[in-house]
Amino acid sequence: MGKYGLEDKEFGFIVVSTRRGMKNVRTCVKKGVIEMHVPPGIGYDELRRVVEQNRERLRLMLARAEKNGLRYKVGDVVRCLDGSSIVIGVQSLCPGKAIMGECADGNFYVNISQEMVFSDENVINLISRCLKSIAKRKADAVIIGMAQETMAEIGVKHCRFIIGSGLRKLGHCTPKGEIQLSYNLMFLPRHLARFVILHELAHLTHFNHGSEFHDLLNRYCGGNERLWNAELKHFNWPVRM
Ligand SMILES: [Zn+2]
């Protein structure tokens, strides 16, 4: 059995493994990455054709895997961009509800009612919504502050930042040079949030995804564009898409 990879513009790195005796291509998703099991001797062109033909199905498989992947439990700690944490727990004060708030030390909590079940899809959605609303509260100060620092670091003079709500689309740059950043950046480690900001700042110079854009972005990233891009693609979001 041999293992190699295929780079796809939408799905990123696809793991390909060959198995003797296989007749057809089989696909699965593991930890957010697509894996293809193929008969030996199959070429890259053929693989690309298979990916193209199954693009819609692969997208669904990924979405389903992501959905199934999200689970919370008592004591889970969700780290935020500003260094604070959100701790997930249970409470018995308000039956049937989730309560959330800030602790004296600046960290936050989300406590669900003790009779709620963590594996229940509705409970997962409820916790996810609570986490997002905490992120939203802090987003203006934290993300815009970071964006302004980043802008100064690379020598960009004028730019207006606003906070948006995308998860699939974490940032957006308008032709007028206004940059929208998702409050969900609050859930990313610092270098990845900075990467999203740098991506949008690079659009102020090149309003497309051409090679000049990537050269500039890679320079902004100190040569880490591909690495950070892959990390971002495979990041395990602590909230629902
Ligand atoms: Zn872009």
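Student: Into which domains is the chain divided?

Tutor: Domain bounds come from an automatic or database domain assignment. Here the chain is divided into domain 1 (2–69) and domain 2 (77–233), and their C-alpha centres lie 29 Å apart. This is a predicted model, in which local features need pLDDT of at least 70, side-chain atom pairs count only at pLDDT 80 or more, and totals for chains, interfaces and linings use all residues. Residues are numbered from 1 along each chain as its sequence is written.

Student: How many helices and strands are there in the chain?

Tutor: Helices (H or I, at least four residues) and strands (E, at least two) are DSSP runs, numbered from the N terminus. The chain has six helices and eleven strands.

Student: In what order do the four strands of the open sheet lie?

Tutor: Two strands pair if DSSP finds at least two bridges between them. In this open sheet the order is β1-β2-β4-β3, with mixed pairing. At the edges are β1 (2–8) and β3 (26–30), each of which pairs on one side only. Strands β2 (residues 12–18) and β4 (residues 33–38) run parallel and are joined by four bridges. Thr-18, for instance, has Val-38 in β4 as its bridge partner.

Student: Which helix packs on the sheet, and at what angle to β1?

Tutor: Two residues are in contact if their C-beta atoms, placed from the backbone, lie within 7 Å. Axes are lines fitted to C-alpha atoms, for helices over the stretch in contact, and angles run from 0 to 180 degrees between N-to-C directions. Helix α1 (residues 44–53) packs on the sheet and touches β1, β2 and β4. The direction of α1 makes about 60 degrees with that of β1.

Student: Which residues touch the most other members of the largest nonpolar core?

Tutor: A residue is buried if 20 or more other C-beta atoms lie within 10 Å of its own, exposed if 12 or fewer, and partly exposed in between, with C-beta atoms placed from the backbone. A nonpolar core is a set of buried Ala, Val, Leu, Ile, Met, Phe, Trp, Tyr and Cys residues joined through C-beta atoms within 7 Å. The largest core has 38 residues, and Ile-143, Leu-185 and Met-186 touch the most other members. Among the elements that give two or more residues to this core are β6 (85–91) and α3 (121–154); the largest share, ten residues, comes from α3. A second, separate core of five residues includes Val-16, Ile-34, Met-36 and Leu-58.

Student: What percentage of the 241 residues is buried?

Tutor: Buried residues make up 22% of the chain.
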